[in-house]
Amino acid sequence: MKLLTILLADVSKIATDDYVGFTFFVGCMAMMAASAFFFLSMNSFDRKWKTSILVSGLITFIAAVHYWYMRDYWATVAESPTFFRYVDWVLTVPLMCVEFYLILKVAGAKKSLMWKLIFWSVVMLVTGYFGEAIAIGDPTMQWVWGLISGIAYFIIVYIIWFGEAKKLAEQAGGAVLAAHKTLCWFVLVGWAIYPVGYILGTEGGLFGAQLVSDIGAAQQAMNVVYNIGDAVNKIGFGLVVYGAAVASRAASEA
Ligand SMILES: *C/C=C(C)/C=C/C=C(C)/C=C/C1=C(C)CCCC1(C)C
């Protein structure tokens with residue numbers, strides 16, 4: 001009964017021009033649907049791919065739960081759910097790093113590659129969190145934390161595009177190489193959506209540019225951009241892995 005009251009109360013509060021509320025709601029549904037899809041299809045693959053698809057499902061499932069809370073938070077408090085956002089990311093982004101490792105395991109990827117990617121992803125997110133949650137009202141520190149976060153991001157891009165991950169993908173060839181390439185593009189282009197959200201959401205604007213009129217508009221722009229980024233990256237990433245599993249199954253049956 002209490003749950004029903006909460007549901008009804010919140011849904012009625014989403015206005016038709018509340019794009020953040022809308023994208024939280026749709027994002028939540030999309031993440032739930034994607035999770036169901038990954039969980040239900042994982043058993044039709046052999047062991048190696050099963051784990052990868054399980055991880056895809058975990059990523060969208062963790063996001064679905066956080067979107068549930070973020071949608072609620074936005075509807076009730078009308079502020080950026082920074083805490084839930086970063087808890088979500090700090091769980092799901094390392095899992096995306098695990099995904100790279102799982103795919104490259106056939107080519108002999110070592111756990112150290114996975115830990116390296118996880119380490120830099122955590123540095124990227126923790127410094128981003130400092131910039132968003134602690135440096136409020138201090139454009140200099142927001143800029144500094146954003147920059148450190150960006151450097152960690154580029155280290156990840158380097159490792160997967162040019163470093164040891166690239167070499168392993170080439171050794172593996174076939175469906176693995178193709179999937180690795182697509183995932184590399186996701187990280188380079190899809191993940192670049194997030195710093196855009198960060199810049200838009202910074203009060204007063206970053207780099208001396210006042211991009212949006214006030215803090216309310218800044219938070220709205222930032223959350224819409226983050227929500228689009230999450231849908232593209234979490235569901236898209238999982239579908240690439242799913243596609244690779246299908247391709248590799250077809251190749252082994254041929
Ligand atoms: C599912 C969630 C994903 C893939 C989140 C990715 C987040 C990022 C790539 C965030 C990057 C940031 C920067 C590169 C600089 C500014 C601060 C961040 C944390 C927004």
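**Entry 1: Ser56**

I looked up Ser56 and found it in helix α3, which covers residues 47–77. Helices here are DSSP runs of H or I with at least four residues, strands are runs of E with at least two, and both are numbered from the N terminus. The model is predicted, so I noted that local features need pLDDT of at least 70 and side-chain atom pairs pLDDT 80 or more, while totals for chains, interfaces and linings use all residues. Residues are numbered from 1 along each chain as its sequence is written, and side-chain values use heavy atoms, with hydrogens and water left out.

Is Ser56 buried or exposed? Ser56 is buried, at a relative accessible area of 1%. Buried means under 20% relative accessible area, exposed means over 50%, and partly exposed is in between, with a 1.4 Å probe and protein chains only.

I then listed what Ser56 touches, leaving out residues up to four places away in sequence: Phe38, Glu99, Gly238 and Val241. A contact means heavy atoms within 4.5 Å.

Ala78 lies in the loop between α3 and α4, where α4 is 82–104. Ala78 is exposed, with a relative accessible area of 52%. I noted a positive phi of about 55° for Ala78, although it is not a glycine. Most residues other than glycine have a negative phi.

**Entry 2: Ser41**

I found Ser41 in helix α2, residues 19–41. Ser41 counts as buried because its relative accessibility is 11%. Which residues does Ser41 touch, not counting those up to four places away in sequence? They are Ile53 and Tyr242. From Ser41 to Trp120 I read 79 residues in sequence and 31 Å in space, C-alpha to C-alpha.

**Entry 3: cysteines**

I searched the whole structure for disulfides, and the count is 0. For this search a disulfide is a pair of cysteine sulfur atoms within 2.5 Å. Cys184 is in no disulfide, and its nearest cysteine sulfur, that of Cys97, is 12 Å away. Cys184 is buried, with a relative accessible area of 4%. I also looked up Cys28, which counts as buried at 2%.

**Entry 4: the whole protein**

How many helices and strands does the protein have? I found 10 helices and 0 strands. The radius of gyration is 19 Å, close to the 18 Å that the globule rule gives for 254 residues, so the protein is as compact as a globular protein of that length. That radius is taken over C-alpha atoms, and the rule is 2.2 Å times the number of residues to the power 0.38. Along its principal axes the C-alpha trace spans about 55 × 45 × 25 Å.

Of the 254 residues, 46% count as buried. I looked at contacts between residues at least 6 apart in sequence, and 75% of them join residues at least 24 apart. The protein exposes about 12,300 Å², with 72% of it supplied by carbon and sulfur atoms. Accessible areas come from the Shrake-Rupley method with a 1.4 Å probe, and for residues only the protein chains shown count as cover.
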